[in-house]
Structure formats: C-alpha cells, structure tokens
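Work through the exercises below with the sequence and the structure open beside you. Try each task before reading its solution.

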Amino acid sequence: MEGRLAALAELLDDASRRTAFNFACVLVACDGDIADAELGVLGDIAEVFAIPEEEAQDRFHRIAKQVAEVTGR
C-alpha cells in the first residue's frame with residue numbers, strides 16, 4: 001500500500017493530498033465504528049502525504065464530528 005500512496009503523493013499537489021486525506025477520514029468515520037487499524041491507515045496516509053501528525057489528527061477529529069452530526073452516529 002505504501003507504494004501506491006507514494007505514487008499518489010507524487011501525482012497530487014499539496015491541496016489535493018489534503019483533500020484525499022479528508023475523504024479517507026470521511027470513509028473511516030461514516031459507519032460510526034472507528035477501528036485502530038483504520039486509524040493506522042490514516043496515519044500512514046498522513047505520513048506519506050507529508051501531513052503533520054497534529055494537523056492530521058485535528059482534521060480527522062473535525063471531520064468525524066461533522067460526520068457524526070450528519071449521520072447521528
């Protein structure tokens with residue numbers, strides 16, 4: 001998977017990498033059951049996409065909260 005992420009990181013500009021990360025966050029949060037393995041994948045994505053850990057965590061928490069408000073989960 002890291003190879004695929006690295007290839008995407010080369011193709012995407014900074015804003016597009018962050019948009020892709022946000023989309024991954026939505027997918028993780030949408031069922032309301034956030035597994036450690038899913039968080040690990042988000043961490044891998046953030047690392048390869050050069051998104052600082054604190055920023056990635058803030059993005060995930062903000063998005064997860066928004067998803068919960070919309071879905072009621």
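**Exercise 1: Contacts along the chain**

Task: Take the contacts in the protein with a separation of 6 or more; what percentage comes from residues 24 or more positions apart?

Solution. The model is a predicted one. Two residues are in contact when heavy atoms lie within 4.5 Å. Among contacts with a separation of 6 or more, residues 24 or more positions apart account for 76%.

**Exercise 2: Elements and overall dimensions**

Task: State how many helices and strands the protein has, and decide whether its radius of gyration agrees or disagrees with that of a compact globule.

Solution. Step one: the protein has 4 helices and 0 strands. Read from the N terminus, the order is α-α-α-α.
Step two: a compact globule of 73 residues would have a radius of gyration near 11 Å, and the protein has 12 Å, so the value agrees.
Step three: the C-alpha trace spans about 35 × 25 × 20 Å along the principal axes.

**Exercise 3: Surface and charge**

Task: Find what percentage of the residues count as buried, and how many side chains are positive and how many negative.

Solution. Step one: 27% of the 73 residues count as buried.
Step two: the protein exposes about 4900 Å², with carbon and sulfur atoms supplying 55% of that area.
Step three: there are 7 positive and 15 negative side chains, and 6 Å separates the centres of the two sets.

**Exercise 4: Arg-17**

Task: Decide whether Arg-17 is buried or exposed, and name the residue whose backbone oxygen lies 2.8 Å from a polar atom of its side chain.

Solution. Step one: Arg-17 is part of helix α2, which covers residues 14-29.
Step two: buried means under 20% relative accessible area. Arg-17 has 15% relative accessibility, and therefore counts as buried.
Step three: the backbone oxygen belongs to Leu-12, 2.8 Å from a polar atom of the Arg-17 side chain.
Step four: not counting residues up to four places away in sequence, Arg-17 touches Ala-9, Leu-12, Phe-49 and Ile-51.

**Exercise 5: Ile-45**

Task: Apply the reasoning about burial to Ile-45, then list its contacts beyond four places in sequence.

Solution. Step one: Ile-45 sits in helix α3, residues 36-48.
Step two: Ile-45 counts as buried because its relative accessibility is 10%.
Step three: with neighbours within four places left aside, Ile-45 contacts Leu-5, Phe-21 and Ala-24.
Step four: Ala-24 is 21 residues from Ile-45 along the chain, and their C-alpha atoms are 8.7 Å apart.

Notes: Residues numbered from 1 in each chain as written. Predicted model: local features only at pLDDT ≥ 70, side-chain atom pairs only at ≥ 80, totals over all residues. Heavy atoms only, no water. Helix = DSSP H or I, 4+ residues; strand = E, 2+ residues; numbered from the N terminus. Rg over C-alpha atoms; globule rule 2.2 N^0.38 Å. Buried < 20%, exposed > 50% of the residue type's maximum accessible area, 1.4 Å probe, protein only. Areas by Shrake-Rupley, 256 points an atom, 1.4 Å probe, with all protein chains shown as cover. Lys, Arg positive; Asp, Glu negative; His and termini not counted. Charge placed at Lys NZ, Arg CZ, Asp CG, Glu CD. Polar contact = N/O pair within 3.5 Å; in protein donor to acceptor, adjacent residues only side chain to side chain.
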